[in-house]
Amino acid sequence: MADKDDDLDTETSFADMNVDGFKWYDPSAKKKGKSNGKVKITRKEYRAMVKGAFEALLPLIGCIVVAMLAVFIFAYLWLKK
């Protein structure tokens, strides 16, 4: 039988625990190896991200257009004299 501690991940952090007021607060730790969260991307990468966003939203936009077209057709047929 395996120990329960084998599956316990104690290395991964999901939030910055270096908070002012805690006894382990280190103000110099925020300056080490961080670029204020800004990442440099190229034009090619930016265009790829925009293209991916449009491809992800295209089915949703298509469904909305088809649904609105159906509503207009039904309203036209219903209100037609």
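**Figure 1. Helix 1 of the predicted model lies largely in the open, because the number of its 37 residues that are buried is 0.** Buried stands for under 20% relative accessible area, exposed for over 50%, and partly exposed for values in between (1.4 Å probe, protein chains only). Helices (H or I, at least four residues) and strands (E, at least two) are DSSP runs numbered from the N terminus. The protein chain holds 1 helix and 0 strands. From first C-alpha to last, helix 1 reaches 51 Å, close to the 54 Å expected at 1.5 Å a residue; the expected span is 1.5 Å times one less than the number of residues. Residues are numbered from 1 along each chain as its sequence is written. In this predicted model, local features need pLDDT of at least 70 and side-chain atom pairs count only at pLDDT 80 or more, while totals for chains, interfaces and linings use all residues, and side-chain values use heavy atoms, without hydrogens and water.

**Figure 2. Helix 1 has a kink of about 40° at Leu58, shortly before the proline Pro59.** The bend at a residue is the angle between axes fitted to the seven residues ending there and the seven starting there.

**Figure 3. A nonpolar patch on the surface is formed by Leu57, Leu60, Ile61, Ile64, Val65, Met68 and Phe72.** Together these residues have about 690 Å² of accessible area (Shrake-Rupley method, 1.4 Å probe; for residues, only the protein chains shown count as cover). Patches consist of residues with over 30% relative accessible area and no salt bridge, joining like charges within 9 Å and nonpolar side chains (Val, Leu, Ile, Met, Phe, Trp, Tyr) within 5 Å. Leu57 lies in helix 1 (residues 43-79) and counts as partly exposed because its relative accessibility is 44%.

**Figure 4. Glu55 and Lys51 meet through their side chains in a salt bridge (4.0 Å, N to O).** A salt bridge requires a side-chain nitrogen of Lys or Arg within 4 Å of a carboxyl oxygen of Asp or Glu; the count by this rule is 1. Both residues lie in helix 1, 4 residues apart, about one turn of the helix. Glu55 and Lys51 are both exposed.

**Figure 5. Tyr25 is found in the segment before helix 1.** Tyr25 is partly exposed, because its relative accessible area is 29%. Apart from neighbours within four places in sequence, Tyr25 is in contact (heavy atoms within 4.5 Å) with Asn18, Val19 and Asp20.
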